[in-house]
Amino acid sequence: MDKKKIQKVEEISKEVEQELSDFDILDVILDENNTDELILQNEQGKQIRFEQVAVIPYNEKIYVILKPIDKIEGVEDDQAIVFLADETKRPTVLVPEADEATAIKVFDEYYNLVEEANKNAKKKGKK
C-alpha cells in the first residue's frame, strides 16, 4: 500500500475511534424515538440482542429493563432483566443488577408506571 492509502486508513481509524469514544449508551436508552435493538456483550465476548422495555429512575440511579431477543441460559422467553446504567465509568456501561431486592423494586416501579399510564389512558378515553 502506498503512503497516501496508509495515511487515509489511519485517518479513518482515528475518526471511528473518536466516534466510539463519544458514544454513550445513555444517549440510546434515553432516546424516546429509538426502537432499535440493543446489542450488549457478555463476559465471554458474545454479543446478545435485547429489546428495551423501560428506563426506570430509582434511588437516584438509572435502570433499564431489557428483554433478551437471543436465548440466554437460565432466562425464560417471557422474562426481562434489570440493568444498572453505571455512570461511574465512561462511557456508561449497562451492568445486570446483582441485588435481587433492588431488581424487584425496579420492576415494581415499572408496574406502577404502567398502571398509572393505563389509568390516565382510561380517563382520556372517558372524556
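**Figure 1. The largest pocket of the predicted model.** The structure shown here is a predicted model, and its largest pocket has a volume of about 680 Å³. A total of 28 residues line this pocket. Those that lie nearest its centre are Leu-40, Gln-41, Phe-50, Phe-83 and Pro-96. Two or more lining residues come from each of strand 1, strand 2, strand 4 and strand 5. Strand 5 provides the largest share of the lining, with 4 residues. Rolling a probe the size of a water molecule over the atoms shows where empty space is left.

Figure 2. Strands of a sheet pair through backbone hydrogen bonds, either parallel or antiparallel.

**Figure 3. Strand 4 and its two pairings.** Strand 3 and strand 4 pair in the antiparallel sense over 4 bridges. Here Ile-65 has Val-82 of strand 4 as its bridge partner. Strand 4 is also joined to strand 5 by 4 bridges, and these two strands run antiparallel. In this second pairing, the bridge partner of Leu-84 is Val-95 in strand 5. Strand 4 and strand 5 form a hairpin, with 6 residues between them.

**Figure 4. The largest nonpolar core.** This core contains 16 residues, of which Ile-29, Leu-38, Phe-50, Leu-66, Phe-83 and Leu-94 touch the most other members. At least two core residues are supplied by each of helix 2 (25-29), strand 1 (38-41), strand 2 (47-58), strand 3 (61-68) and strand 4 (81-86). Helix 2 gives the most, with 4 residues. Another core, of 9 residues, lies apart from this one; among its members are Tyr-58, Ile-65, Leu-84 and Val-106. In soluble globular proteins, nonpolar side chains tend to be buried together.

**Figure 5. The surroundings of Phe-83.** Phe-83 is one of the residues that touch the most other members of the largest nonpolar core, and it is also among the residues that lie nearest the centre of the largest pocket. Not counting residues up to four places away in sequence, Phe-83 touches Leu-40, Phe-50, Ile-62, Tyr-63, Val-64, Leu-66, Leu-94, Val-95, Pro-96 and Glu-97.

**Figure 6. Thr-102 in helix 3.** Thr-102 has its place in helix 3, which comprises residues 100-126. Its relative accessibility is 17%, and Thr-102 therefore counts as buried, the cut-off for this class being under 20%. When residues up to four places away in sequence are not counted, Thr-102 touches Tyr-58, Tyr-63 and Glu-97.

**Figure 7. Ala-80 in the loop between strand 3 and strand 4.** Ala-80 belongs to the loop between these two strands. Because its relative accessibility is 27%, Ala-80 counts as partly exposed. With residues up to four places away in sequence not counted, Ala-80 touches Ile-65, Leu-66, Lys-67, Pro-68 and Phe-107. Ala-80 and Phe-107 are 27 residues apart along the chain, and their C-alpha atoms are separated by 9.5 Å.

Technical notes:
Residues numbered from 1 in each chain as written. Predicted model: local features only at pLDDT ≥ 70, side-chain atom pairs only at ≥ 80, totals over all residues. Heavy atoms only, no water. Core = buried A, V, L, I, M, F, W, Y, C linked by side-chain atoms within 4.5 Å. Buried < 20%, exposed > 50% of the residue type's maximum accessible area, 1.4 Å probe, protein only. Contact = heavy atoms within 4.5 Å. Pairing = 2+ DSSP bridges. 1 Å grid on protein atoms, 1.4 Å probe; cavity = no way out; pocket = protein on both sides within 12 Å on 5 of 7 lines; lining within 4 Å. Points joined across faces, edges and corners; volume = space filled by probe spheres on them.
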